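Hi there,

Here is the structure I promised to pass on. Could you open it alongside this note and follow along?

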Amino acid sequence: MKRRVSLTVLIAACAIGASACNPVLRSHGYRYTTQDVPEILVAEDTESSVLSRLGNPSTRGTFEDNTWYYISATRESLAYLRPATRDRRIIAVTFDDNGVVSEVSEYGLEDGRVVAYADRETPTRGRELTFLEQLLGNVGRLPSEQFGGEQNLPGGAGGPRRDQ
C-alpha cells in the first residue's frame, strides 16, 4: 500500500515536471495559415477590398501613409527562459494615389535585422555635484537686495511699487 502511494506520487511529480518543460506558444497579429495565404492582386484590388478581406492593418507606414502592414508573429516561451520569436510574417501592401494596390511584399523572420542599440547615456551640461556640494552649494550666495526689503522676482512679480 505504501509502495503504491509512493509510486503514484512519483508518477504525478514526473508528469508535472514534464509538463513544465512544454513550450507555450503565443500568436500575435493577423493570423492565416500557409494554405490560406491572402490573394491580393496588384492593379485590381483597392483599399476597400483589402479592408474587407484582411481587416484593419496592424500598422501603417510611418513616412508613407499609403503602405499598410499586416504583421503576425509566434513566440515560444519555455519555462524560465526568455521568449523567442519562432515565426514572423509581414505582408506590406502599398497603394497608389487612387487607392489601388501597386505593390505587395511579404517578409519573414529571415528578412529581419538585429539592431544594436547604443546603451550609452547622453551627457548633460555641467558637472556632477556630490551630496555635500548640493547641500552647501548656495551658502554665501543669497542676494543682498532681498534683505533690504526689495523684491526682484523673476517675471517682474515684485508686487506693488512703493514709490506711488
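Let's start with Leu132, which lies in helix H3, residues 131-136 (helices, H or I of at least four residues, and strands, E of at least two, are DSSP runs numbered from the N terminus). This is a predicted model, so local features need pLDDT of at least 70 and side-chain atom pairs pLDDT 80 or more, while totals for chains, interfaces and linings use all residues. Residues are numbered from 1 along each chain as its sequence is written, and side-chain values use heavy atoms, without hydrogens or water.

Leu132 counts as exposed because its relative accessibility is 55% (buried is under 20%, exposed over 50%, partly exposed in between, with a 1.4 Å probe and protein chains only).

Stepping back, the protein has three helices and five strands, arranged along the sequence as α-β-α-β-β-β-β-α. Of its 164 residues, 16% are buried.

What makes up the largest nonpolar core? Nine residues do: Ile40, Val50, Leu54, Trp68, Tyr70, Ile91, Val93, Phe95 and Val101 (a core joins buried Ala, Val, Leu, Ile, Met, Phe, Trp, Tyr and Cys through side-chain atoms within 4.5 Å). Helix H2 (47-54), strand S3 (67-77) and strand S4 (84-95) each supply at least two residues of this core, and S4 gives the most, with three.

The ring centres of Trp68 and Phe95 are 4.7 Å apart and their planes at 65°, so the pair is edge-to-face. It links distant parts of the chain, with Trp68 in strand S3 and Phe95 in strand S4, 27 residues apart. Trp68 counts as buried at 2% relative accessibility, and Phe95 counts as buried at 1%.

Beyond its neighbours within four places in sequence, Trp68 is in contact (heavy atoms within 4.5 Å) with several residues, among them Glu47, Val50, Leu51, Pro57 and Ile91.

Ser72 is another one to look at in strand S3. Is Ser72 buried or exposed? Ser72 is buried, with a relative accessible area of 5%. Leaving out residues up to four places away in sequence, Ser72 touches His28, Gly29, Tyr30, Arg31, Asp87, Arg88 and Arg89.

Finally, 44% of the protein's contacts with a separation of 6 or more join residues 24 or more positions apart.

Happy browsing!

Note on methods
Phe/Tyr/Trp six-rings, centres within 6.5 Å; stacked < 30°, edge-to-face > 60°.
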